[in-house]
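Here is a walk through the fold, written to be read with the viewer open. Turn the model as you go and pick out each part when it comes up.

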Amino acid sequence: MEPVCNNQSSGHDIIRWFEDVSENAGLVQTQTLRRILELNWGVEYLEKWLGDVEIHDVDACTLESLYTSLVPLVSHADLEPYIQRTANGDSAPLLTQQPMTTLSLSSGTTEGRQKYVPFTSHSAQTTLQIFRLAAAYRSRVYPTREGGKILEFIYSSKQFKTRGGLTAGTATTHYYASQEFKIKQETTKSFTCSPEEVISSGDNKQATYCHLLLGLFFSDQVEFITSTFAYSIVQSFITFEELWRDLCIDIRDGTLSKRISIPRVRKAVLDIISPKPKLASKIEAACKELEDLDWFGLVPKLWPNAKYVYSIMTGSMQPYLKKLRRYAAGVPLVSAEYGSTESWIGVNVDPCLPPEDVTFAVVPTFSYFEFIPLHRHKHDCNLATDDFIEDKPVPLSQVKVGQQYEIVLTTFTGLYRYRLGDVVEVAGFHRGTPKLNFICRRKLILTVNIDKNTEKDLQMVVERGSQLLSKSRAEITDFTSHADVVNQPGHYIIYWEIKGDVEDRVLGECCREMDASFVDHGYVVSRRSNSIGPLELRIVEKGTFKKILEYFIGNGSALSQFKTPRCTSNEVLLSILNLCTIKRVYSTAYA
C-alpha cells in the first residue's frame, strides 16, 4: 500500500503510487481503517465502544459499518483525558498499542490554548511521504537543479518533558529533529541553506537573520523559497527591509552581527560563510533600487534562480498574498499541502494554479476520513453555535462535488472519529479521490446574536474595506476581530495595523464599507434594527501584531506554526490590542 521510501525512489514512482491508490480510494480507505483498528486493537478507548466485536471475524466493509455506527464522533475535549493520562505517565495502551513517547502541541491560535496531540513515527513518515509526493508534482511544472539550495524560513521551538517523561513540542519541531527531515533533503536532492543549529536555536529573531544571511550567501544556488506559512515569509522579508545594510556588511567581511549571541549558532554560521565583497556590492545596489520600488520584485532581484515561492497560502494565510506577490513579482506562488497537527490530508497536484484556486487531493492511506455534510440554515433559524445544519457523516467514496463538509479523522496515532473543525468543499476528483477546497475553520465566527460570520466572510469584508486604502498609498499589514457583547448593543470590532498614513475621512469610508459588506442575513437584519451596533474599526500602532506573535511564542508556539487569529476572545490578546489602539472609527452604515 505504501510507496518504497529510499534514495533511489524517483518522483515518477511516488506519483504512480498515488495515482494507483487514488483510482481505488474508496477501497483503500476501507483497508486503511482496518489497518488502523488492527494495529490498535485492544486499547482502552476502543474496548469501550467495540469490546464485543471480533475484529478478525468480520470483513473490512462490515468492520467499517460497525465502527462508524458504534464509535461516536468526538472533539479533542473527549479524548483529552486519555492523552493527559499518557502525558502524566500512564503506560497502559489507552489510545495506541505503539508506546507513545512524543506529544505534539497545536499552535493554539485558533482556540486560544495549545492542545496535546499524539505524535508517533507514523507522523514523521507521512510528513516525509507527502513532502516527496508534493515535490514530485512540483518538479513536473517547475523543475529544479539537483543539489540546489532551499531558502527555508523554518523554526523549532524548545521541546520539554511532560510530568510522565514524554517529549512535547510542536509537530514542526519534532519533524525538523527527525531522521525523516534529513531523508527528505537527500531524496529530493535539495538542501536547506541553514544548518540545524540555526533551525533549532529557539530564538526566532536570531534564526531569521541567519536564514536571510545564508540565503543571500548562497543566492545564486537558491532554487525556491519556502516556510510552513506565508506569514513567516512575509515577516522575514519585512525584517530584511530593516536589516539589509547589516547583512551586506556580514557578507562583505565574512562576519556575523553581534545580534547573534548564541555560541553554537555563531560557530555554525561562521563555519559556512566567508568574505564575498563583490556579492555584497551587488546586493547593496539591488536593495537601493528595491527601496525606490517599495521592495517590489525583491525575490527575483536577490534570488535570480528561484523558480517559485512555496508555503501554505490558504485560509488565514490569504490576506498575506497581496504583500507576498509584491515581493515575488513574476515568481509563481505555489500553495503547499493541506494538513493539521492531527494528520496530513491532501496534496496539491496542480501546483501551477494560483493559491486562490488551489485544491488538495486527499491521500487515502494517511488516515480514515469521514465527511459531515454541512448546509446553511434558513434565515429564520437561530442556532447557538454556528450557521450550519449537519447531516450524518459519509465516507470519502460518497462525497459530492459542490457540497461543503466538516472533516472527521481516524488516525494511526490514536484519534478516533475526531472532528477536525475544518470546513471544506469538494471541488472535483483526482481519479477516485476528492479534491478539496479549504473554506474556513468552523469555530472562527463573529456572532453577537442571530448573526454568524465565518473567517472567510471576515476576510472578504476586510479586503473590500482595504481597497479604499489605495487612495492613501497605504496597506494593511495584519488584522483580527472581536465580537463585543459586554457593551450593549453588541457590535463587531476589527483591528487593523497599517503601513502608511491615512486620513480619518478615509478610515471612516473603510469602516463603513466593511460594515455594509457583511451579507449574512442575521447581521443585516440586526444592524437595521440596531440590535447590533455600528462596526468599530480600531487602528493599532506599528508592531502590535509582533507583540501578539511574541506572546504565543513565549507560551510554547513555534514561529513555523503561528497563524494570526482572525477572531479572538483571548483576554491577553484583547489587552495587547486595546493598549496599542491609537485610533477608533465607527461605521455610519445603516444610519
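Val347 stands opposite Ala361 in strand S12. That pairing belongs to S11 and S12 (residues 360-362), which pair in the antiparallel sense over 2 bridges; two strands pair if DSSP finds at least two bridges between them. Strand S11 (residues 344-347) also pairs with strand S10 (residues 338-339), again in the antiparallel sense and over 2 bridges. There, the bridge partner of Tyr338 is Gly346 in S11. A hairpin takes the chain from S10 to S11 through 4 residues.

Before going on, a word on what you are looking at. This is a predicted model, in which local features need pLDDT of at least 70 and side-chain atom pairs count only at pLDDT 80 or more, while totals for chains, interfaces and linings use all residues. Residues are numbered from 1 along each chain as its sequence is written, and side-chain values use heavy atoms, with hydrogens and water left out.

**The whole chain.** The secondary structure comes to 20 helices and 24 strands. Helices (H or I, at least four residues) and strands (E, at least two) are DSSP runs, numbered from the N terminus. Buried residues make up 58% of the 591 residues, where buried means under 20% relative accessible area, exposed over 50%, and partly exposed in between (1.4 Å probe, protein chains only). Of the contacts in the chain with a separation of 6 or more, 71% are between residues 24 or more positions apart; contact means heavy atoms within 4.5 Å.

**The sheet with S1.** Look for an open sheet of 4 strands in the order S2-S1-S5-S4, with mixed pairing. Its edge strands are S2 (116-119) and S4 (160-161), each pairing on one side only. Strands S1 (residues 102-105) and S5 (residues 167-170) run parallel and are joined by 4 bridges. Leu105 stands opposite Thr170 in S5. Helix H5 (residues 76-87) lies across S1 and S2, running at about 65° to S2. Axes here are lines fitted to C-alpha atoms, for helices over the stretch in contact, and angles run from 0 to 180 degrees between N-to-C directions.

In the loop between H5 and S1 you'll find Leu94. How buried is Leu94? Its relative accessible area is 1%. Leaving aside neighbours within four places in sequence, Leu94 is in contact with Val43, Glu44, Tyr45, Tyr82, Arg85 and Thr86. The C-alpha atoms of Leu94 and Gly414 are separated by 8.5 Å, though these residues are 320 apart along the chain.

**Helix H12.** Which residues of H12 (residues 263-270) are buried? They are Val265, Ala268 and Val269. Seen down the axis of H12, these buried residues fall within an arc of 95°, so they line one face of the helix; the arc is that of the directions from the helix axis to the C-beta atoms. The face turned away from the buried side carries the exposed residues Pro263 and Lys267. The cover over the buried residues of H12 includes helix H9 (196-199) and helix H10 (204-217).

**Two helix pairs.** Two packed helices are described by the angle between their axes and the distance between the axes.

| Helix pair | Angle | Axis distance |
|---|---|---|
| H11 (residues 230-253) and H13 (residues 277-292) | about 165° | 8 Å |
| H19 (residues 544-554) and H20 (residues 571-579) | about 155° | 10 Å |

H11 and H13 are therefore roughly antiparallel to each other, and H19 and H20 are likewise roughly antiparallel. Angles under 35 degrees count as roughly parallel, over 145 as roughly antiparallel, 65 to 115 as roughly perpendicular and the rest as oblique. H11 passes H13 in a left-handed crossing, whereas the crossing of H19 and H20 is right-handed. A crossing is left-handed if the near helix is turned anticlockwise from the far one by less than a right angle, and right-handed if clockwise. In the second pair, H19 residues including Phe545, Ile548 and Tyr551 meet H20 residues including Val572, Leu573 and Ile576.

**The sheet with S24.** Another open sheet has 4 strands in the order S21-S22-S23-S24, with mixed pairing. S21 (475-484) and S24 (581-586) are its edge strands. S23 (residues 536-540) and S24 run antiparallel, joined by 5 bridges. Leu537 has Val585 in S24 as its bridge partner. Helix H17 (residues 504-517) packs on this sheet, touching S22 (491-499), S23 and S24.
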